[in-house]
Amino acid sequence: MWPVTRTFLVLWLVMPFLAVISGQEMTVEAVITNPPLNQNKTTGDTVNFRCEGEGTMGNISVSWYRDSKPIHNIISMQGRVLVKPEGTLVISPVTSEDAGTYVCALTNGIGQPQRASATLDVMYPSRVIYVPPLQYLPLNLSGMINCHIESHPPFHFITWTKDK
């Protein structure tokens with residue numbers, strides 16, 4: 001066992017995330033060494049967000065969140081997400097609803113978890129999201145039929161056809 005010196009006690013009180021043992025620094029709290037990166041994907045793709053770190057004790061765990069909710073508690077993502085043992089988040093297949101900010105929280109049980117975030121942008125083709133019910137229009141009078149469409153990137157034009 002190393003003797004506890006006054007210098008060691010001062011360093012421990014001022015910087016609890018570092019310990020000085022035999023003149024060498026040793027990281028105690030976990031530190032993110034490879035944060036996740038922003039990604040652009042298309043629906044149906046697979047996305048991998050890496051979150052790697054290091055710290056004393058070697059028992060590092062990684063948790064993932066989207067919109068402040070644990071990833072495994074988001075019903076729409078169940079069955080499509082996997083957190084690998086090294087901390088990589090895998091989403092497959094990606095849907096348009098998966099777009100957003102993902103946060104990894106890395107800890108080894110000492111101190112506060114370290115956090116890093118990345119954004120997933122999901123591209124998808126135009127699609128009709130609402131079709132109005134059958135509409136009757138008076139003969140020889142104008143009328144309006146609404147068509148609700150979404151896409152990412154935004155669409156540039158819409159083509160209407162009749163009886164096709």
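Visitor: What makes β5 and strand β10 (residues 89-91) a pair?
Guide: Three bridges join them in the antiparallel sense, and two strands pair if DSSP finds at least two bridges between them. Val47, for instance, has Ile91 in β10 as its bridge partner. Strands here are DSSP runs of E with at least two residues, numbered from the N terminus. The model is predicted, so local features need pLDDT of at least 70 and side-chain atom pairs pLDDT 80 or more, whereas totals for chains, interfaces and linings use all residues. Residues are numbered from 1 along each chain as its sequence is written, and side-chain values use heavy atoms, without hydrogens or water.

Visitor: Why is the contact of Arg80 with Asp98 called a salt bridge?
Guide: The term requires a side-chain nitrogen of Lys or Arg within 4 Å of a carboxyl oxygen of Asp or Glu. The closest N and O atoms of Arg80 and Asp98 are 2.7 Å apart, so the pair qualifies. Arg80 lies in the loop between β8 and β9, and Asp98 in the loop between β10 and β11, 18 residues apart.

Visitor: How do you know whether Arg80 is buried or exposed?
Guide: Buried means under 20% relative accessible area, exposed over 50%, and partly exposed in between, with a 1.4 Å probe and protein chains only. Arg80, at 14%, therefore counts as buried. Asp98, at 0%, is buried as well.

Visitor: What makes Arg66 a partner of Asp98?
Guide: Their closest N and O atoms are 3.9 Å apart, and they form a salt bridge. Arg66 also forms a salt bridge with Asp67, at 3.5 Å. Asp67, at 52% relative accessibility, counts as exposed, whereas Arg66, at 10%, is buried.

Definitions and conventions
Helices (H or I, at least four residues) and strands (E, at least two) are DSSP runs, numbered from the N terminus.
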